Every structure is written in C-alpha cells, then in structure tokens.
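Please look over the chain shown here before reading on.

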Amino acid sequence: MAFRLPANRLCRAAATPAISTIRPLASLLRSSAQASQSRWLATPAPPVTQNSVGSQGPTAMVFLNMGGPSTVDEVGDFLSRLFADADLIPLGRLQSYLGPLIASRRTPKIQKQYAAIGGGSPIRKWSEHQCAEMCKILDEISPQTAPHKPYVAFRYANPLTEEMYKRLLADGFGGGKGGRAVAFTQYPQYSCSTTGSSLNELWKWRQRLEGKTGPLEDGSDGTIKWSVIDRWPVHAGLVEAFARNIEEKLLEYPEERRNSVVLLFSAHSLPMTVVNRGDPYPAEVGATVHAVMERLKFSNPYRLCWQSQVGPQPWLGPQTQMSVDEYVAKGQKDLLLIPIAFTSDHIETLFELDEEVIGESGHPDTIKRVESLNGNPIFIQALADLAKTHLDSGIACSSQMGLRCPGCKSERCTESKKFFAGQDITAA
Ligand code: FES
C-alpha cells in the first residue's frame, strides 16, 4: 500500500526531487492510506463558491499552535503569556507572581536568540501558509463542506485565540448565524499542556464571546458548531513526510557509515508533574517515532530524547543536549537530530538544535538536523487528508479526548472537554 499524492498535486511534489518517489507504508496505517487513495483517484470537483447548491460550507479551519513572537519586540509579551499558563508550566499558587518574574528575567536572553534566527519566529508564516494551502486542497476533495476558510489561533503570540474568534464572528460565523468550525491542533501528539491548553483557551473565548447567545426561532442558538482534530501521531502522511526528510539527510553521510548513523528523535520535554498526572504526550510521541522507524524498516539505531527544559523542576529526559554530549563522548559522532513533535521551524529547531546543540558540539560536520516539515507538499496533503476524514466522520472529537488525566484537578479541563465532546455538529 502506498501513500500517494493526488494527480493534481504531483506537479508541486515533483519540484522536490527527494519526495518524487513513492514508498510503501507500514500495514498499521493501511486503512487511512486506502481511504485517501480512493479519494485522490476521483475526478477533481469544480471550484465551489459559498452559494453552491448543496454545500454545507463555509467551514472555518482553525489551526491551533503555541505560536512564537514574529519580532524581537514581541518576546516579552510572548513569555509573559507562556509562563502565566498553568496548563503548560504549573507553578502552583505562586503562578501569578513567579510567571511574570521568570518571563521578565528570561526576556533579554530570549530576545537575543530570536535576533540570531533573523529577528523573529517563522511559525506564523508557516502556519498561515500550511492552513491556506490545505484549504485549497479541501475545496477540491471536500466540495460539500467548501469553501474552507483558513484561520490561525496561537496560544502565546499573535494572532491570539481572542483575535481569531473575533475574526470568525466578523466573517459571518456564529453570532446568530451558526456555521461550522474545526479546531485542528498542529501538535500531532496530544498533551494537556499544548493542545489541551489551546482548547481550554478556545473554550474560554467561546464562552465570553458566544456563551450568552439564546435560542433562536428555529430552535438553534446560532452559535458556531465546533469539532476538534485533537491528535494524529501516526497519520500515514505525517510519517511519510518525516521518513522522506530523514532519508534525504542520511544521503549526506558517506555510504559506508550511513546505516550506523544514530537517529536522535527530539521532542519538547514536559515537567514530570505533568507526566505523572497522566499526560498522554510521551506515549504518543513514542508512537510517532515507532511508526517512522517502521516505515524506515528500522534501518538505523535510534533514541528518543527531550529538549527545552526550563527552570529547576524535574523534566522528562534524557535531555537532547546531554544525549548528544554523551554519545560523542562514547565515540558516536554520526548523529542525526529529528524534531518529531513540531511541524514547522521555530526557536527550538533554529536556535536550540542548530546553534546550541549542533553548533556547540564541536562536530557540525557529522551531527546534523533534518529539515522541518514547513511547506512540504506531502505534509500539507496529509493535513488535507486528515481534515477530509474528520469532516466526513461527523464526530466532534476523538473518544480519547473525553478522558481526563487520572491526576487532573482542573475545572477548565472538565468544562472544555464537556463542551467540545458535546457539540452536535450534525446540526450545523
Ligand atoms: Fe490532563 Fe486536565 S490535565 S485532562
């Protein structure tokens, strides 16, 4: 079974030689690929407009992510919001005191890091590009829900969730008119500190901006009907996009050493308080790593390590930096770093991995990093495939999303999960 690009997307893919060949996928991903393939073999539908007869659209497609400051001047506000988020960095009762303190102390250092990668994070540029391109594909493969309108909602940087929600209302969604929106997390693996935090924020702004809407004459309340794509750690297209990038980078090593290069998958770490609460993220990141290695036929030795720890609390390890140092000390200098939990470049790849881990390793010729997914057409096709499958499914969210962590004490989690799992999207 093969993960294929649709015929009308092959021209874009062909522009990138490394992804122009089609490779087999693991059997566990077969059903998704089969569904995708049959859709892609269909004749492309004509362009759809908002007035098309029979269309259930427009559909708002909202990408959720943490975001990053687009300019150095935005770093302070970004860090303030980040350290104020108890879903991400739980600081207990001292959160409102410690959060701003840590943020202001870290701002000058982090500003220098953003200056070193060109003056800001590219995550907004890539998110807007990925979402817009995905919507174009969706208009072709899902005409019944077209037109698809792209939106981005960041948790800690512009465009913030509040701004996105106000734009939705201004564009004619909700506010008495109803309509359908899909919250599509751009974290492939679910964590309560990332996707969970973004959904809690989305629920908060939904309650503030639409929560008081009463019943209309037709019995509806005229609010936006939300559904959620809350995780996709082993989606065939995601796995394929990672695998192709790894294969491409491995070609830079001499053939006789290529199979002994250690693949070091690196994901953002979590405080152990979050892990021990029962967060699903470590297991889902492990699932992605295993699926990618299965696709590569376990061609190389590999390990999963964790980066970006902040503060004195214990975090999930081993740390990426320490892992590189220890392997080098053991004589293993051929190391390929693979960011496995983010879908576009950001400070953790461009500065932390490239400048710190690789730049300070003393072996920049043998320690390398694979490209981030960014504008990769296989990845963007995968996003469209995921969205199409979700729109066809008629479900509000995965069954997994309704389950709280065993150690969760958060009222926000209770209420937001109840809200999203209870959405009747068939009535939209
Ligand atoms: Fe995981 Fe609340 S912290 S559900």
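## A residue in a strand

Ala183 is buried, with a relative accessible area of 0%, where buried means under 20% relative accessible area, exposed means over 50%, and partly exposed lies in between (1.4 Å probe, protein chains only). This is a predicted model, in which local features need pLDDT of at least 70 and side-chain atom pairs count only at pLDDT 80 or more, while totals for chains, interfaces and linings use all residues. Residues are numbered from 1 along each chain as its sequence is written, and side-chain values use heavy atoms, with hydrogens and water left out.

Ala183 belongs to strand β3, which covers residues 180–185; helices (H or I, at least four residues) and strands (E, at least two) are DSSP runs, numbered from the N terminus. Setting aside residues up to four places away in sequence, Ala183 touches Val62, Leu64, Leu199, Leu202, Trp226, Ser227, Val228 and Ile229, a contact being heavy atoms within 4.5 Å. The C-alpha atoms of Ala183 and Phe63 are separated by 6.3 Å, although these residues are 120 residues apart along the chain.

## The chain as a whole

The chain has 428 residues, of which 54% are buried, and its secondary structure comes to 15 helices and eight strands. Among contacts between residues at least 6 apart in sequence, 80% join residues at least 24 apart.

## Salt bridges

Side chains of opposite charge can pair when their charged atoms come close. A salt bridge is counted here when a side-chain nitrogen of Lys or Arg is within 4 Å of a carboxyl oxygen of Asp or Glu, and by this rule the count comes to 20 salt bridges. One of them joins the side chains of Arg155 and Asp85, at 3.5 Å from N to O. This pair links distant parts of the chain, 70 residues apart, with Arg155 in the loop between β2 (148–154) and α6 (161–170) and Asp85 in the loop between α3 (75–84) and α4 (95–116). Both Arg155 and Asp85 are buried.

Glu247 lies in helix α8 (residues 236–250) and Arg295 in helix α11 (residues 281–295), so the pair ties together parts that are 48 residues apart in sequence. Glu247 is partly exposed at 22% relative accessibility, whereas Arg295 is buried at 5%. Elsewhere, salt bridges that share partners join Asp85, Arg155, Glu201 and Lys204 into one network.

## Helices α8 and α11

Where do the helices that hold Glu247 and Arg295 meet? The axes of α8 and α11 come within 9 Å and cross at roughly 60°; axes are lines fitted to C-alpha atoms, for helices over the stretch in contact, and angles run from 0 to 180 degrees between N-to-C directions. That makes α8 oblique to α11, since angles under 35 degrees count as roughly parallel, over 145 as roughly antiparallel, 65 to 115 as roughly perpendicular and the rest as oblique.

The contact is made by Leu238, Val239, Glu240, Phe242, Ala243, Arg244, Ile246 and Glu247 of α8 and by Thr288, Ala291, Val292 and Arg295 of α11. By class, this contact of α8 with α11 has seven nonpolar, one polar and four charged residues, where Ala, Val, Leu, Ile, Met, Phe, Trp, Tyr, Cys and Pro count as nonpolar, Asp, Glu, Lys and Arg as charged, and the others, Gly among them, as polar.

## Helices α6 and α7

Helix α6 packs against helix α7 (residues 195–210) at an angle of about 45°, with their axes 9 Å apart, and that makes α6 oblique to α7. The contact is made by Thr161, Glu162, Met164, Tyr165, Lys166 and Leu169 of α6 and by Glu201, Leu202, Trp205, Arg206, Leu209 and Glu210 of α7. The residues of this contact divide into six nonpolar, one polar and five charged.
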